[in-house]
Amino acid sequence: MKRASSNLVRKISSAVEWSTLVDGQNRVTGASLTLIRERAHLKAEQVRAAGGAKATSCLLGVPLGHNSSFLQGPAFAPPRIREAIWCGSTNSTTEAGKELADIRILTDVGDVQIQEMRSCGVEDEALMQIISDSVKLVMDQPPLTPLILGGDHSISYPAVRAVTEHLGGPVDVLHLDAHPDIYHAFEGNKFSHASSFARIMEGGHARRLLQVGLRSINKEGRDQGQKYGVEQYEMRHFSKDKEKLQNLKLGEGVKGVYISIDVDCLDPAFAPGVSHIEPGGLSFRDVMDIVQNLEGNIVGADVVEFNPQRDTVDGMTAMVAAKLVRELTAKMSK
């Protein structure tokens, strides 16, 4: 009888501890979402008060790096990108003449508190949902349009999912990368940065997925691409594909276009600060020509996989990532 009583006490104690842990995690995640919600509301009010904006690029940092298969440095990227955007070595005007200091063009709601939640035991399934919820909170405040700073490429899945769920249908996705990131579950991790586009396609979030800049793709990458009807453009054929890719028209008949740029789509001569250095990539102007000439309504975007821990001492790749963000902002804002 005493032994049975002792076992019951242990079970009750364990249940209480688990309940306390879950309650604590819920408070921490709730606090992160509240911060994003309130900042998005405030920034949108400021944009609306300024008047005239139909779409305003809104930065949302997602400093997540633990789903990387090699190095986790991308978790440190969002503040370095922001610093480079406003670096005094250049002005705050985009190539198209848009002024980034104008809140109607660019605003910022800060970061999802990824590391704080992970330190409290919040696991990936919940983190992915929190990222999605954070993106939706931005979209709940028109004219804000999410421009997400990664982080590794695993964040693109919850971001695209959020955009399509909020808009009520699929989008066309333009994905620039050295890798297709379409493994079913790389190294057994369904949320791996190498599996994000498998999740996007199996979830029906993209009508068309165009992958540009590929030069590290194996049999599974090609098989998965064929399975999901992905349009894969490999660098070995870029010279013949170039004209087509620089004159894309996407998003008609769906809810718009989502652009995901992995910094390693660029040749490492232009962007050495990445985890997976893969020679033979796109030039920066190649990327600009593809993005700037694109016809379509951009409803969301991300810039991912910049790794500050591998950057040059003068922050060359930070400036490259910042330029990508600046020019995406020019394309998205209106």
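The legends below describe close-up views of a predicted model.

**View 1. Residues listed in the UniProt record as a binding site.** The unreviewed UniProt entry gives His153, Asp177, His179, Asp181, Asp262 and Asp264 under "binding site". Although these residues span 112 residues in sequence, no two of their C-alpha atoms are more than 12.2 Å apart, so they gather at one spot.

View 2. Asp262, one of the residues listed in the record, lies in strand β7, which covers residues 257-262, and is buried with a relative accessible area of 2%. Its side chain is joined to that of His153 by a polar contact of 3.4 Å. When neighbours within four places in sequence are left aside, Asp262 is in contact with His153, Leu176, Asp177, Asp181, Val304 and Glu305.

View 3. Residues up to four places away in sequence not being counted, Asp264 touches Asp177, Ala178, His179, Arg215, Val274 and His276.

**View 4. Polar contacts of Asn67.** Asn67 sits in the loop between β1 (56-62) and α2 (77-85) and is buried, its relative accessible area being 3%. The side chain of Asn67 makes a polar contact of 3.0 Å with the side chain of Asn189, and another polar contact, of 3.4 Å, joins the side chains of Asn67 and Ser154. Beyond residues up to four places away in sequence, the residues that Asn67 touches include Asp124, Met128, Asp152, Phe191, Ser192 and His193.

Note on methods
Residues numbered from 1 in each chain as written. Predicted model: local features only at pLDDT ≥ 70, side-chain atom pairs only at ≥ 80, totals over all residues. Heavy atoms only, no water. Helix = DSSP H or I, 4+ residues; strand = E, 2+ residues; numbered from the N terminus. Buried < 20%, exposed > 50% of the residue type's maximum accessible area, 1.4 Å probe, protein only. Polar contact = N/O pair within 3.5 Å; in protein donor to acceptor, adjacent residues only side chain to side chain. Contact = heavy atoms within 4.5 Å. UniProt positions renumbered as here; feature names shortened; annotations may be inferred.
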